[in-house]
Amino acid sequence: MAKATAKIIVRGGEYDGKEFPLKPGENHIGRLEENDIVLRDRSVSRKHAVVRCQGGVNSIEDLGSYNGIEVGGKKVQRLELENGVTFKLGDFDLTFLTEERPTGPQSAEGGAMAMVPREKQPAGVPEIPANWQELFGKTGGPTEEAEAAVLGAKAPPTAFAEKTQDDFQSPAQDESGTRRGLILYISALVAIVVVGLLVLNQQTKRDLWPDTEDHTLLIGQERVYPIGEYQEVVSSDDSVAVPQPMQFLKDNPNEVPQFVKVRAVSDGLAQIKAVPSGVTLRIIVKGKVSEDEQSRRYDLLSPEQRLHVGRLLLRSGISKAHKDELAAALKDFTWAERVLGPVRVDAPEYLEAKTKRTDCQEAINTRVLALKKEFMTVRHTDDNQAILTLQRILSLIPDPNDPDHQMIKTILDNRLNR
């Protein structure tokens, strides 16, 4: 009897030449650690495909991945796998192989005796027929013919008695010992992996990784980080944190290294690496941004109360805009729009608040851009004027959660700490 085993060999990238044995049933392939075959590469989806090995039939099926499964340059939804077939997942070429593994001794055709493999023979003993026990009599003692067959005609009659029974284990005993050894090996391997994960978990809770800067964000938050010169920003999982490069001015070099804006999307961990500086941010996303208390209070207002509050906010914003307090005016117009929205979106007050907010935001953007250009002009010649210009920009963008505010604040702190 022979048992067929299957495996997949990967070609390309850091996994080149790696072999993945396939178990009976389903074998999932993807970027997440929960898959049976893990290929941590952005060209591979988190849950890319599944290989099924059932009843001697092997196949692979796409799970709605971005790059799909390619065979001969064409994408397929499902593919029957035969020995030696090669297919493409993302940037990797995968080859499916099967091999026959003998599970016990077999007799040769024509009644010839199958020989026990040489590596299982005791040292100094000639090859023994696999069915040597059949040469013994019913009493269990060796006959002269058996001794001759085992030891050769010139061997002394007492040679067989000098060997212990352990030297001639049956194939069933040998296979049982192999299974026990394999079970012990797998158990030890699992124990090592579990201990490693526990140690890594404790390290994550206690200390930072030596080459990683840890930052905690809430879902919905945006933060700006100066990460040095880079060619690209790579996120290990874009479902947790989304990075976006930022610059001070598009047509001028920045005073400090370029920035990256990170937006927290969902619970989990994400690593964002700057290339080629090697700076790595590990973003820990946990929890959500709490709802604003002012929003909760407005939710309790009746339509008549909303209309009254909205008109007051609109009037206040117009007054502050006349005083050239653009940041405060924008805040009032924004809240007026939010309060009046549920009342009736076509109400004159709502449309006026929306228009005023848009005009005020454009005025702020124009003034901030002019101040940025002024800073770039004086930053090397007049340090006091440069600092004053940065402070004026912050006054126009007072919200500490605004990415532009965070970026300008970093530049200002860097200049003040010189």
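A: Lys7 and Glu19 join their side chains in a salt bridge, at 3.3 Å from N to O. The term covers a side-chain nitrogen of Lys or Arg within 4 Å of a carboxyl oxygen of Asp or Glu. Lys7 belongs to strand S1 (residues 2–11) and Glu19 to strand S2 (residues 19–22), so the bridge ties together parts twelve residues apart in sequence. Strands (E, at least two residues) and helices (H or I, at least four) are DSSP runs, numbered from the N terminus. Lys7 is partly exposed, at 21% relative accessible area. Glu19 is partly exposed too, at 43%. Buried means under 20% relative accessible area, exposed over 50%, and partly exposed in between (1.4 Å probe, protein chains only).

A note on the basis. The model is predicted, with local features needing pLDDT of at least 70 and side-chain atom pairs counting only at pLDDT 80 or more, while totals for chains, interfaces and linings use all residues. Residues are numbered from 1 along each chain as its sequence is written, and side-chain values use heavy atoms, leaving out hydrogens and water.

The salt bridge count comes to 14. Side chains of opposite charge can pair when their charged atoms come close. Lys23 and Asp36 form another such pair, with their closest N and O atoms 2.9 Å apart. Lys23 sits in the loop between S2 and S3, and Asp36 in the loop between S3 and S4, 13 residues apart. Lys23 is partly exposed at 38%. Asp36 is partly exposed at 39%.

The S3–S4 loop also holds Asn35, between strand S3 (25–30) and strand S4 (37–38). Asn35 is buried, at 8% relative accessible area. Leaving out residues up to four places away in sequence, Asn35 touches His28, Ile29, Gly30, Arg46 and Lys47; a contact means heavy atoms within 4.5 Å. A polar atom of the Asn35 side chain lies 3.0 Å from the backbone oxygen of Arg46. Ala49 is 14 residues from Asn35 along the chain, and their C-alpha atoms are separated by 9.7 Å.

Salt bridges also form a network, linking Glu26, Arg52 and Glu61.

Arg311 and Glu349 meet in a salt bridge at 3.0 Å, N to O. Arg311 is in helix H4 and Glu349 in helix H6, 38 residues apart. Arg311 is partly exposed at 37%. Glu349, at 17%, counts as buried.

Ile364 is in contact with Leu326, Ala327, Leu330 and Leu396, leaving aside neighbours within four places in sequence.

Finally, the whole chain. The protein has eight helices and 18 strands. Of its 418 residues, 33% count as buried.

Note on methods:
Polar contact = N/O pair within 3.5 Å; in protein donor to acceptor, adjacent residues only side chain to side chain.
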